[in-house]
Structures are given as structure tokens and as C-alpha cells.
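Biologist: I am new to this structure and would be grateful for a close look at one part of it, followed by an account of its surroundings. Please begin with the question that I put below.

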Amino acid sequence: MTDTIIARASGAGPAAVAVLRLSGPQAGRVLEALAGRLPEPRRASLRRLRGMDGEMLDEALVLWFPGPGSYTGEDAAELHLHGGTAIVAAVEAALLAQGCRPAEPGEFTRRAFLHGRMDLTQAEGIADLIAAETEAQRRQALRQAGGALATLYDGWTRRLTRILAQQEAAIEFEMDDLPSDVAARARESAATLHAEILAHLADGSRGERLREGLSIAILGAPNAGKSSLMNALSGRDAAIVSSQPGTTRDIVECRLVLGGVPVVLADTAGLRATQDAVEREGVRRAKGRAGEADLVLIAFASDEPPDAESLGLLRGGQQVLVLATKCDLAAPPLSIAGHPTLPTSAQTGQGLAELKASLAEFAQRQAGLGDAPALTRTRHRAALTEATARLEDAERARLPELVAEDYRAALHALGRLTGRVEVEQVLDSVFRDFCIGK
């Protein structure tokens, strides 16, 4: 971190204002070279920026953030320029001429982490906040960036540290005047902590679901109205609609926002026995998508008897919503194979509002929009799973030294969540997907 880095923090292309950030040990010197004396910390100052030859580059607002009270924890500055392409390029060239270098993706936030300004879960929350597409995603990311997960995991780490200290004391000072139940109290505290972590893990992956989006698949016989239904839900012609059976042979996807939760809606090939190799592959993929989906919409045309292939999906044990489509052509059945139906018509719009409301309620329920902080990444789940496994080993261990070793391993796993231990192996994966300038 001996380099001083620069990056454009605003969007690409011409704009009213463009923001350049710089951070590093030479940030103050570079700012003085371009703008004259340093402005008062954290107060915008209007300055004329000049290159090394003295030529004026732009008149800009300049902000100075001396470390450690900056985003990165080191000396930093921002230049709010006129957003023309030529102006930005000229100022960038002047900064490079002063010895700065372009930042790598995520390098500003990585420096903030390395200077102790945030932990890894907060850094991931910032990345999620930038990528948020829905209101629910924004709220979840904002809580994580604000330290909700860090507070929870740091609390567990402190408790496990005390438990390990008790266990070590029981080993090292066995012959001294220690209470006889020190190790027993450590085991009791570890069991309580173990139960809390297990409850946190048993959240139905709600954080990941909200972050990545739910999957909803539409299945049914050919000409059951699946593609028309998808177009009606998406509000556009996402899938080809035709009276010819077997029009849809592959999976057609579109992204929706339902109840503030991102959803991937998939239209699939009609389910039927066929000799056509391409259509048969489409049916195989449709059933595969059904097995992966969070919810399956099974469409039965009201003017046709229920088909065997679709009825088979009702016995699959998945979450399903049975739709009686084309209810404008015939009276819809009230139930099919014991499942209540929701009558819909893509032509008249009947039942579509009710369907959207049901899907929004399902999405919110699955995403679990509640008060408790949710783990949002696979690495969180892996570290917590390892911690619970080592706590379980400690419960079964007979020798006190082995119990202590299992506590230490569990503590190590918790440390990887926030980056307190073994951070190098996770840093690249955390910051790899950051945008330049963040």
C-alpha cells in the first residue's frame, strides 16, 4: 500500500459531474501540486486544477480527507470535475504524471479493510449495495454494510474466545485453586453457542435467495397457456405464443421484481411423450428446471382434461401453485388432484392480479424479510458449518486437550467470516467483483 491510487468513482461517459478519487501516502502532495494548498478537511473547496506545465485543466470542487478518518483509512481526496471526456482524461493524465497509478477493482475498499475501517462482511455488504436492483436487496445490503453481520459474528467470536480461555485454564492450572466446574461451564456455554449458530444456519438460505433471486418455473402440457402466462406476468413478449404444440423447446427466462424480491421466471417446453429428439430434450430440461425451482407453477388448461405428465409433478414434493389457465374458454375446475386451483386467463386478465399477489407473498416469505441479519454468501455458510462441526467434535471429545483444540478450530472458522484470521486466502474472492473506483 505504498502506492497512491486513482480511479473514477462516477459513471463512465460524459456527464454534468465526474468524480475522481485518490488515496495513498502521496495523496496530499499530489493534491497540492494540482490545486495549490490543501483545503480544510472534509469541506468542499472550489479550486483551479493545473498540470505540471501550469496549464489550467478545470475548475473543480476539491475535498481532502486526511487519514485515518477517511474511507480507506489513509490520506485521500476527491476531485469533482466537469464531466466532459476530455477534462477527465486530462486530469487523470496529470495525476498519473504525479506518480499515481490506476486502482485495481475493489482496491479502495480492500485498503479500508486492511486499515481496519471495516471487516469482510461489511466490505461484501458494500459490494451488494452497489449491485442492488430492488428495494429489499438495498435494505439487506445496507444492514450488512452497516455491520449487522459483523456485530453478530464478533459477538460469537468473543464468546468462543472466553470458552477457549476457560478450557485452557482448566488444563494449564488443573492443580491450582480453580473452581472445579470451569471445564463444565465451558462445555455448557459452547453448547449454547452451537445451538445459536445452527439456528442462524437454518434460515432457508433467505439471505442468498434475496441476493441472488428466486427461481420460479412454469410447467404444463403443450398449449396449456404457459408462454401466454409468462408474457402476461412479465408485461412483454418474452416467449413465442403459437397454437402449434411444442413451440417452446428450450427454457425462456425473464427477470421480475415481486414484492421487492428479484425473481427469475422460466417458461419451459410442454410436457408430453414425443419421438422428436429436440422436443424430448426440452422436456428433460423442463423437468430438471422444476427440480431446481423454488416454486413451480403447473398450468392446466381449463378446456382440457388434466394430463398425466403434469399430474406427476403434483406428487414431486415441491412447492407448487396449480393454475387453471384459459378460464375464459371453459369453467375452471376448483381443484386438481386435491390441489386448489387459481383460475387465470392471459386473454382477459382474470386472476392475474391474484397470481401476482400470491407470487409476491411467496417471494417475500422465502426471502424472509425480517429483523434478524441473514448470511448472504456461500463462504459465510461454509465457515459457520465448519465451526458447528468442530463444536460438535468438542462435545464428543474425551480428553480436555482435544476439546481445547476443537474450540480453537471453531474459533478459527469464525475468524474467517470477518477476516480476523487467514485473510489472504479469501481477500481475492471478496474483492474480485468490485467495480473500479470502489
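How many disulfides does a search of the whole structure find?

Modeller: The model is a predicted one, and a search of the whole structure finds 0 disulfides. A disulfide is a covalent bond between the sulfur atoms of two cysteines. Cysteine 100 counts as buried because its relative accessible area is 7%, which is under the cut-off of 20%. Cysteine 327 has a relative accessible area of 10%, and therefore it is buried by that cut-off too.

The hairpin of S3 and S4 has 5 residues between its strands, and in it glycine 54 adopts a positive phi near 85°. S4 is also joined by 5 bridges to strand S5, residues 76-83, again in an antiparallel arrangement. Here leucine 63 has glutamate 78, in S5, as its bridge partner. In a regular strand the side chains alternate between the two faces of the sheet.

Next comes a pair of helices. Helix H4 spans residues 120-131 and helix H5 spans residues 135-145; they pack at an angle of about 150°, and their axes are 7 Å apart. Because an angle over 145 degrees counts as roughly antiparallel, H4 and H5 are roughly antiparallel to each other. The crossing of H4 past H5 is left-handed. On the H4 side, the residues that meet H5 include Thr121, Gly125, Ile126 and Leu129. On the H5 side, Arg138, Ala141, Leu142, Gln144 and Ala145 take part in the contact.

Leaving aside residues up to four places away in sequence, leucine 229 touches Ile218, Leu323, Thr344, Ala346, Leu352 and Leu355. Alanine 299 is 70 residues from leucine 229 along the chain, and the C-alpha atoms of these two residues are separated by 9.1 Å.

To return to the request, the search finds 0 disulfides, while cysteine 100 and cysteine 327 are each buried.

Key
Residues are numbered from 1 along each chain as its sequence is written. This is a predicted model: local features need pLDDT of at least 70, side-chain atom pairs count only at pLDDT 80 or more; totals for chains, interfaces and linings use all residues. Side-chain values use heavy atoms; hydrogens and water are left out. A disulfide is a pair of cysteine sulfur atoms within 2.5 Å. Buried means under 20% relative accessible area, exposed over 50%, partly exposed in between (1.4 Å probe, protein chains only). Two strands pair if DSSP finds at least two bridges between them. Helices (H or I, at least four residues) and strands (E, at least two) are DSSP runs, numbered from the N terminus. Axes are lines fitted to C-alpha atoms, for helices over the stretch in contact, and angles run from 0 to 180 degrees between N-to-C directions. Angles under 35 degrees count as roughly parallel, over 145 as roughly antiparallel, 65 to 115 as roughly perpendicular and the rest as oblique. A crossing is left-handed if the near helix is turned anticlockwise from the far one by less than a right angle, and right-handed if clockwise. Contact means heavy atoms within 4.5 Å.
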